[in-house]
Amino acid sequence: MEKWTQVYDPLRTLASGMPEYLLSALVAGIPLYLLFYMLAFKRTAGHKAALVGTASAVLLSIAVWRMPASLAISATANGILFGLFPIVWIVVTAVWLYNMTVESGEFEIIKESLAALTDDRRLQAIFIAFAFGAFIEGTAGFGTPVAITAAMLAGLGFNPLYAAGICLIANTAPVAFGAIGVPIIVAASTSGLDVNHISAITGRQLPLLSVIVPFWVCVTMCGFKHTMEVIPALLTAGLCFAVSQFAFSNFHGPYLPDIMAAIITIAGMVVLLRFWKPKNSWRFPDEPPSKQNIAFTHSAGEVLRSWCPYIILAIMVFVWGLASFKNFIKPFDGFAFHWPILNGLVAKTAPIVKADVVGTDKAIYGAMFSFNFISAGGSAILVSGLLASFVMPNYGLGKALACFFRTCHQLRFPVLTIATILGLAYIMNYSGMSATLGLAFTKTGALFPFFAPILGWLGVFLTGSDTSSNALFSGLQRTTAEAVGVDPHLTVAANSSGGVTGKMISPQSISVATAATGLVGKEGNLFRFTLWHSVAMLFVLCVLTYLQAYVLKWMLP
């Protein structure tokens, strides 16, 4: 089969008098408009909206971008399978681990131990959604933290919509350095820039957002008045995280900012609560008052045992992220193959790739599928659950396996949603539709630094992954920045920083959160809940990047 070369402005002949790429970009956005409309206004179930969006993208790729139908179908199928593994594998195992703790009765002890530390919903959200979620993001990433923390908060008695929503908002701060720094590493490799320089600039953007995320979460939950009652805790959490994130990203690299910032934040909060407590304990208006006068009757050993599944999880995902462990298991770690009717058959062209590589192997859009079962993040959670099943009282392997199959049935619709959304991302990438959207932003000239984070935001909305967004747009960010006379390290870093604000509205992330909190079919409600938070945070980063490009250059390394 002959190679097909991507076309980035297929409607140029119909757009006389319009800026280059504009009409094509407006048409390329049709699948996203449909997703937005069905989720935000029609409140359609996620899997139905995803099917409509993906079908429209396939039709446009064939009819407008002139992609051969066989390639379009193959690219979509590749995305669907990637959605099933490793993404769905993470979601299923994470919810399974939570379900086991509920069935065994251990989650009741977890709830009571947290209540003994603080029964205040505001502080519980900061501990779990912000700090513990950042640790899981730093070690595993790819949807794991939201799946774990949203399930935990819902189990603690949080309103399910708020449990899902605040976990998505709280997960903003650590995403760029998730999975042991993979998004920044990918940004460096695809742009050809220094990884530590990109890490340093990202670490001079996101801490300004990280320091206010605890406030943001709290105001979202309870309003400004009740937020002011826990200012000491919010300042402690925000400053511990932001300062640690800045220090490690600038003086160590992209590998440890999340992990160390999360550990330091948890330690700081624990120390604070030894000397300070909020005067009034806040709970959701529809909740019964907390039972503060009931004595905590569990021993230290029982509390430790109840937390063991999550302690084991933290250890396993940390080990799974170590380069030495990955090298050890590499000879036994599954298999990979070239995706048929796609690999080597799609060629990129200028300006997505430099003119001197057009027509060479460097311009070929490869297509691989890797079934790396052992090293997958979901497998780390699987091992954690199997080990934890022997720690839980009166449980064991048989009950754990039965719980696993019940969890698979419980998540059948989220599985369909996630797989279909990844199909949408892949067809938009391979057809060149995503590149068309990105190229339209490059026509903003000197204003480009303002729009650089929007490219990252758009990429994460499309793919659900800051890593994938960086892979998609980092090269374009560098090329455009050099053309307009801006430091390319800044725009590449802004791609990753802006991308984190798109995570909370990505259909993939929303599907994970609804699956974890029992809100399947209500993805539209959660999308509406997070949308304006995402836009507001994105605007902050757009303004910051623009100022760093021209006015606040002293902020850059």
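**View 1. Helix H19 meets helix H20.** Met-428, Asn-429 and Ser-431 in H19 contact Met-433, Ser-434 and Leu-437 in H20 (contact: heavy atoms within 4.5 Å). By class, this contact has three nonpolar, three polar and no charged residues. Nonpolar covers Ala, Val, Leu, Ile, Met, Phe, Trp, Tyr, Cys and Pro; charged covers Asp, Glu, Lys and Arg; the others, Gly among them, are polar. The model is predicted: local features need pLDDT of at least 70, side-chain atom pairs count only at pLDDT 80 or more, and totals for chains, interfaces and linings use all residues. Residues are numbered from 1 along each chain as its sequence is written, and side-chain values use heavy atoms, leaving out hydrogens and water.

View 2. The structure holds 25 aromatic pairs (Phe, Tyr or six-membered Trp rings with centres within 6.5 Å; planes under 30 degrees apart are stacked, over 60 edge-to-face, the rest tilted). Phe-450 is partly exposed, at 23% relative accessibility. Phe-451 is also partly exposed, at 22% (buried is under 20% relative accessible area, exposed over 50%, partly exposed in between; 1.4 Å probe, protein chains only).

**View 3. One aromatic cluster.** Its members include Phe-85, Trp-89, Trp-96, Trp-339 and Phe-405. Phe-335, Phe-337 and Phe-369 are among the others in this cluster.

**View 4. Lys-348 over Tyr-365****.** Lys-348 lies over the ring face of Tyr-365, at 4.5 Å from the ring centre (cut-offs: NZ of Lys or CZ of Arg within 6 Å of the ring centre and within 35 degrees of the ring normal).

Definitions and conventions: Helix = DSSP H or I, 4+ residues; strand = E, 2+ residues; numbered from the N terminus.
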